[in-house]
Amino acid sequence: MRLAEAARANLESTGRLPVFPLPATVFFPEAALPLHIFEPRYRRMTEEALRSDRLIAVALLKPGWERDYNGSPEVFPVACAGLIEEEARLPDGRFNIRLRGLARVAILGFVQDTPYRVARVRVLQEHSNLDGAALEAERRRLLAACAGLAQEISGERDRPVVLDSEVPFALIVNTLCQNLGLDPETKQQLLAMDDVVLRGRRVVEILTERWRDIALRRGEAADGDGIIH
């Protein structure tokens, strides 16, 4: 059994997971997330994860977390479990690690608060209300939105942008969610969506809005006086 499969099976069996809360980062299944671990409590968390199943949940802190950061500030109830794919232990005890998103999880409560939090979790399945040709149509729509935005940003609208159509739909959607410059609350809303097709449609809407905004700004700049005729 591969490491990721074994880790997921163990997670579903134990239902417990150390939690790494972050103020502005939302983590998605299948996406990659590099992290620098420097606080003593999270160094210990990393060390203990490396000695066990290599799993850590990344959760978004709720607004107002600054008042209790050294304690146990509230986090949003949907997080993402990540597998430590690579780690580098630095001489002073800090770590550089890379997580790979394994599964969305619902945080049901906490069984440990110090030195770091451990949560009771339930693995959340990724659903899709489409398959076959209908899902392929959603993939083409998403890739077209990505290509259109890439052309608009590059300023080369006459040059086609070729994207890898063999990449799984869920991987495209979640990687975009992970890397688009969205506010954390919007990303958290995307993470909470159970249906990956609906999540993908929302990403298309976001990309299309950005595409239009870029085109509008360019049109205004080309106009010279800032007025569109």
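Strand S2, which covers residues 32-37, pairs with strand S5, residues 95-112, in the antiparallel sense, and the two are linked over six bridges. Within this pairing, leucine 33 has leucine 99 of S5 as its bridge partner. The model described here is a predicted one, and its chain holds six helices and six strands. Followed along the sequence, these elements come in the pattern α-β-β-α-β-β-β-β-α-α-α-α.

### The strands around S5

S5 also pairs with strand S4, residues 78-89, again in the antiparallel sense, this time over eleven bridges. One of the facing pairs is alanine 81, which stands opposite alanine 103 in S5. S4 and S5 form a hairpin with five residues between them, and in that turn glycine 93 has a positive phi of about 100°. Further along, S5 is joined by seven bridges to strand S6, residues 118-124, and these two strands run antiparallel. Here phenylalanine 110 stands opposite alanine 119 in S6, and a hairpin of five residues connects S5 to S6. The table brings the pairings of S5 together.

| Partner of S5 | Sense | Bridges |
|---|---|---|
| S2 (residues 32-37) | antiparallel | six bridges |
| S4 (residues 78-89) | antiparallel | eleven bridges |
| S6 (residues 118-124) | antiparallel | seven bridges |

Leucine 180 shows how parts of the chain meet here: leaving aside its neighbours within four places in sequence, leucine 180 is in contact with Lys187, Val203, Ile206, Leu207 and Arg210.

Glutamine 178 lies in helix H4. This residue counts as buried because its relative accessibility is 9%, which is under the 20% limit for that class. Not counting residues up to four places away in sequence, glutamine 178 touches Val26, Phe27, Phe28, Ala31, Ala32, Leu33 and Lys187.

Just after H1, glycine 15 takes a positive phi of about 65°.

### Cysteines and the chain as a whole

Cysteine 80 counts as buried because its relative accessibility is 0%, and cysteine 177 is buried at 0% relative accessibility as well. A search of the whole structure finds zero disulfides.

Taken over the whole chain, buried residues make up 43% of the 229 residues. Among the contacts in the chain with a separation of 6 or more, residues 24 or more positions apart account for 70%. The chain exposes about 12,200 Å², of which carbon and sulfur atoms supply 51%.

Methods
Residues numbered from 1 in each chain as written. Predicted model: local features only at pLDDT ≥ 70, side-chain atom pairs only at ≥ 80, totals over all residues. Heavy atoms only, no water. Helix = DSSP H or I, 4+ residues; strand = E, 2+ residues; numbered from the N terminus. Buried < 20%, exposed > 50% of the residue type's maximum accessible area, 1.4 Å probe, protein only. Contact = heavy atoms within 4.5 Å. Areas by Shrake-Rupley, 256 points an atom, 1.4 Å probe, with all protein chains shown as cover. Pairing = 2+ DSSP bridges. Disulfide = S-S within 2.5 Å.
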